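Could you walk me through this model in my viewer, one selection at a time? I would like to know what to pick next and what I will find there.

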Protein chains: 2
Amino acid sequence: MSPSNPSQIRKTPRQRRSAETVEAILTAAAHILEKEGFEAATTNRVALKAGVSIGSLYQYFPNKESLVRALNDRHTREVLELLQRRFAEVRLAPLEEAVRAIVQAMVDVHRVNPGLHRVLVNIVPGIGGLTETKALEDAAAGLLSQFLKARKTELRPLKPDLSAFMLVHAVEALTHAAVLERPELLKGDLFVDEASRMILGYLLGGPEERRSRQNK
Amino acid sequence: MSPSNPSQIRKTPRQRRSAETVEAILTAAAHILEKEGFEAATTNRVALKAGVSIGSLYQYFPNKESLVRALNDRHTREVLELLQRRFAEVRLAPLEEAVRAIVQAMVDVHRVNPGLHRVLVNIVPGIGGLTETKALEDAAAGLLSQFLKARKTELRPLKPDLSAFMLVHAVEALTHAAVLERPELLKGDLFVDEASRMILGYLLGGPEERRSRQNK
DNA sequence: AAAGAATGTGAGCTTTTACTCACATCTGCC
DNA sequence: GGCAGATGTGAGTAAAAGCTCACATTCTTT
């Protein structure tokens with residue numbers, strides 16, 4: 001509504017019919033983006049696939065960019081909510097178990113819509129002045145940083161913010177790569193094992209550093 | 001020349017003049033891609049910025065895609081050559097030193113043209129059926145896998161190919177993230193320290209695994 | 001039931017983009 | 001100097017994309 005809100009929906013749906021239209025558009029856009037990439041996701045094709053007219057699309061999304069942003073916002077919200085929930089769940093769990101749970105959460109999130117997620121991560125920053133994906137990374141890093149602070153007696157001395165930055169990016173990239181290039185890795189526990197090992201190795205430090213603490 | 005060579009240059013420059021034209025086009029394309037992204041890099045704009053006519057551009061590149069590919073091929077080649085050199089140099093160095101050198105090499109490579117590198121990595125796969133970037137990752141993983149096999153007495157038991165896959169993606173992502181979001185990290189040794197620590201923690205394993213080997 | 005609001009339609013306008021082609025200019029060679 | 005091939009030019013074309021708008025249909029409310 002407000003003029004300084006370019007990423008927002010143009011008209012808020014008031015009837016169920018229109019809510020379904022918006023949903024159909026978003027779903028169609030997600031499918032095309034996932035399967036054929038950004039270039040192929042023309043507004044006309046999205047409308048066609050959604051089974052609505054191009055006019056309807058523009059009734060709710062002022063431009064193509066806002067469509068991609070809406071998708072990204074929704075996705076970002078989902079990921080963040082899952083991560084928050086998972087972090088809360090493992091607050092009291094043993095370190096190793098907690099780390100595994102978080103890694104598993106990342107994998108779960110990315111397995112839902114791997115292609116879409118990748119497109120969003122890659123394309124959106126170049127398109128709109130995207131702050132959302134960056135915001136997600138920052139939020140995830142914040143959660144992790146809190147986690148590290150709470151566990152500091154179990155870990156080697158480290159700078160929580162820096163370590164959170166390193167881990168967020170490492171785990172995100174590993175998950176992306178695994179989902180897209182080695183999906184078979186995700187069948188068993190192999191990937192989660194390896195990623196968790198990397199994280200724990202980083203957080204616990206070498207033998208000397210471990211010896212100077214009592215815990216596990 | 002051959003019809004089944006869509007990513008190649010259309011006409012091989014025979015005079016210095018034309019070689020300079022090609023160079024100007026590639027440079028201009030790199031600049032626009034780096035600073036404004038793929039969408040902004042229209043062929044007309046590239047030609048304009050290169051100071052040549054659009055006709056000249058199409059004399060050497062049959063289409064826009066081939067331009068991006070040429071850029072990518074060149075970049076890929078440079079990265080791979082540096083990595084090969086660096087791996088060879090550290091073949092006999094102590095493990096920790098070797099790891100640091102490799103990480104440093106990754107950082108060096110990415111600091112040259114960070115934005116361009118990211119655009120190439122992200123955009124190109126979606127555009128052309130890009131095999132080059134994937135090939136680079138595979139080649140890097142191959143080098144690393146060799147490295148791990150050669151060092152196996154120093155490391156915990158691991159599957160070289162899997163570990164190489166994990167490390168290549170983790171280090172690449174960390175380097176990207178650092179270059180693009182935290183360039184100040186790269187001033188000192190902080191980033192290389194942290195990344196190396198992550199790698200070593202992963203390769204050496206926990207205290208039990210280390211104890212069962214004599215080395216370091 | 002009837003009006004007004006909300007929603008839906010799609011032909012087509014406007015702009016942009018990749019790309020061509022007929023022609024001009026340069027360079028090396030005899 | 002002059003010829004031939006290499007190189008350079010840029011107005012123009014065709015296709016495609018984003019987006020609008022005048023109008024049709026459906027829903028809500030009284």
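Start by selecting helix 1 (residues 16–36) and helix 2 (residues 43–50) of chain A in this predicted model. They pack with their axes 8 Å apart, at an angle of about 120°.

Next, show the side chains where the two helices meet. From helix 1 of chain A, pick A:Ala24, A:Ile25, A:Ala28, A:Ala29, A:His31, A:Ile32, A:Lys35 and A:Glu36; their partners in helix 2 of chain A are A:Arg45, A:Val46, A:Lys49 and A:Ala50. Coloured by class, this contact shows seven nonpolar, one polar and four charged residues.

Now move to DNA strand D and the 23 residues around it. Those that come nearest are A:Tyr58, B:Arg14, B:Gln15, B:Ser18 and B:Thr21. Of the DNA strand D atoms that come within 4 Å of the protein, 69% belong to sugar and phosphate.

Zoom in on some polar pairs:

- A:Thr43: a polar backbone atom lies 2.9 Å from a phosphate oxygen of DNA strand D.
- A:Lys64: an N or O atom in the side chain lies 2.9 Å from a phosphate oxygen of DNA strand D.
- B:Gln59: an N or O atom in the side chain lies 3.1 Å from a base nitrogen of DNA strand D.

Finally, select helix 3 of chain B, which gives the most to the surface near DNA strand D, with five residues. By class, that surface has six nonpolar, twelve polar and five charged residues.

Technical notes: Residues numbered from 1 in each chain as written. Chains lettered and ligands numbered in written order. Predicted model: local features only at pLDDT ≥ 70, side-chain atom pairs only at ≥ 80, totals over all residues. Heavy atoms only, no water. Axes fitted to C-alpha atoms, helices over the stretch in contact; angles between N-to-C directions. Helix = DSSP H or I, 4+ residues; strand = E, 2+ residues; numbered from the N terminus. Contact = heavy atoms within 4.5 Å. Nonpolar A, V, L, I, M, F, W, Y, C, P; charged D, E, K, R; others polar. Near = heavy atom within 4 Å. Polar contact = N/O pair within 3.5 Å; in protein donor to acceptor, adjacent residues only side chain to side chain.
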